[in-house]
Amino acid sequence: MTVPAGTAAALGEQVARLHRTFNAMRQQLTAGSPTSGDGVEWAAYGLLFQLVGGGPRRSSALAEAACVDPSTVSRQVAQLVKAGLVTRQSDPEDGRASLLVATERGHAVYAEKQVHRNRMFARLLAGWTEADAVSLTGLLTRLNDTVLEQRTSLSEAMGQHTTTNTTEHRPIEEHA
């Protein structure tokens with residue numbers, strides 16, 4: 001079964017709109033500062049969340065799990081280590097390598113941020129039915145899983161089929 005092109009385009013626009021909206025919210029919440037009070041960039045917390053949720057791992061595995069470039073991981077992990085949220089430990093399987101491990105403080109910061117995120121989403125969904133929220137959660141889970149499963153093959157396919165006609169990709173007018 002193939003989804004019609006118009007439906008795929010509308011979904012793409014809404015996902016892009018959601019991304020822009022959350023970026024704007026993040027900028028508001030950080031009040032123009034690229035780092036929080038502990039010197040850690042907002043994006044670096046995603047790495048901390050990966051370590052808390054998935055356990056200790058090497059930098060390369062963390063980059064893969066977080067879908068970011070290894071150089072970005074290196075820079076952001078340095079911030080997390082400096083803030084005392086992550087530590088480096090010798091890898092028991094290979095003493096030449098190190099594992100990144102969330103510290104006790106890192107776990108506490110993670111828990112605080114989870115509480116904040118859960119309150120934010122509870123407020124955003126206040127006018128929704130539980131059934132709609134559950135449905136959206138299931139569909140987003142499915143979309144995220146599909147993106148992860150097809151990430152490599154999709155990027156290869158998209159690299160082969162780029163278009164030069166930009167008039168076909170004009171954004172749909174957003175309504176507030």
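Contact means heavy atoms within 4.5 Å. The exercises below concern a predicted model.

**Exercise 1. Helix 2 against helix 4**

Determine how helix 2 and helix 4 are oriented relative to each other, and state which residues meet.

*Solution.* 
Step 1. Two packed helices are described by the angle between their axes and the distance between the axes.
Step 2. For helix 2 (residues 44-54) and helix 4 (residues 70-82), the axes come within 9 Å and cross at roughly 80°.
Step 3. Angles of 65 to 115 degrees count as roughly perpendicular, so helix 2 is roughly perpendicular to helix 4.
Step 4. On the side of helix 2, Ala44, Leu47 and Leu48 take part; they meet Val73, Gln76, Val77, Gln79 and Leu80 of helix 4.
Step 5. Sorted by class, the residues of this contact are six nonpolar, two polar and no charged.

**Exercise 2. Glutamine 76**

Is glutamine 76 buried or exposed, and which residues does it touch beyond four places away in sequence?

*Solution.* 
Step 1. Glutamine 76 is located in helix 4.
Step 2. Its relative accessible area is 5%, and buried means under 20%, so glutamine 76 is buried.
Step 3. Leaving aside residues up to four places away in sequence, glutamine 76 touches Glu41, Ala43, Ala44 and Leu47.
Step 4. Glutamate 41 lies 35 residues from glutamine 76 along the chain, and their C-alpha atoms are separated by 7.4 Å.

**Exercise 3. Helix 3 against helix 4**

*Solution.* 
Step 1. Helix 3 contributes Ser59, Leu62 and Ala63 to the contact, and helix 4 contributes Pro70, Val73 and Val77.

**Exercise 4. Aromatic pairs**

Classify the aromatic pairs of the model by ring geometry, and locate their members.

*Solution.* 
Step 1. Rings pair if their centres lie within 6.5 Å; the count comes to two aromatic pairs.
Step 2. Phenylalanine 22 and phenylalanine 121 have ring centres 5.9 Å apart and planes at 40°, so this pair is tilted.
Step 3. Phenylalanine 22 belongs to helix 1 (residues 5-29) and phenylalanine 121 to helix 5 (residues 104-124); the pair links distant parts of the chain, 99 residues apart.
Step 4. Phenylalanine 22 is partly exposed at a relative accessible area of 28%, and phenylalanine 121 is partly exposed at 34%.
Step 5. For phenylalanine 49 and tyrosine 110, the ring centres are 5.1 Å apart and the planes stand at 75°, so this pair is edge-to-face.
Step 6. Because phenylalanine 49 lies in helix 2 and tyrosine 110 in helix 5, the pair ties together parts 61 residues apart in sequence.
Step 7. Phenylalanine 49 is partly exposed, with 24% relative accessibility; tyrosine 110 is partly exposed, with 22%.

How values were computed. Residues numbered from 1 in each chain as written. Predicted model: local features only at pLDDT ≥ 70, side-chain atom pairs only at ≥ 80, totals over all residues. Heavy atoms only, no water. Axes fitted to C-alpha atoms, helices over the stretch in contact; angles between N-to-C directions. Helix = DSSP H or I, 4+ residues; strand = E, 2+ residues; numbered from the N terminus. Parallel < 35°, antiparallel > 145°, perpendicular 65-115°, else oblique. Nonpolar A, V, L, I, M, F, W, Y, C, P; charged D, E, K, R; others polar. Phe/Tyr/Trp six-rings, centres within 6.5 Å; stacked < 30°, edge-to-face > 60°. Buried < 20%, exposed > 50% of the residue type's maximum accessible area, 1.4 Å probe, protein only.
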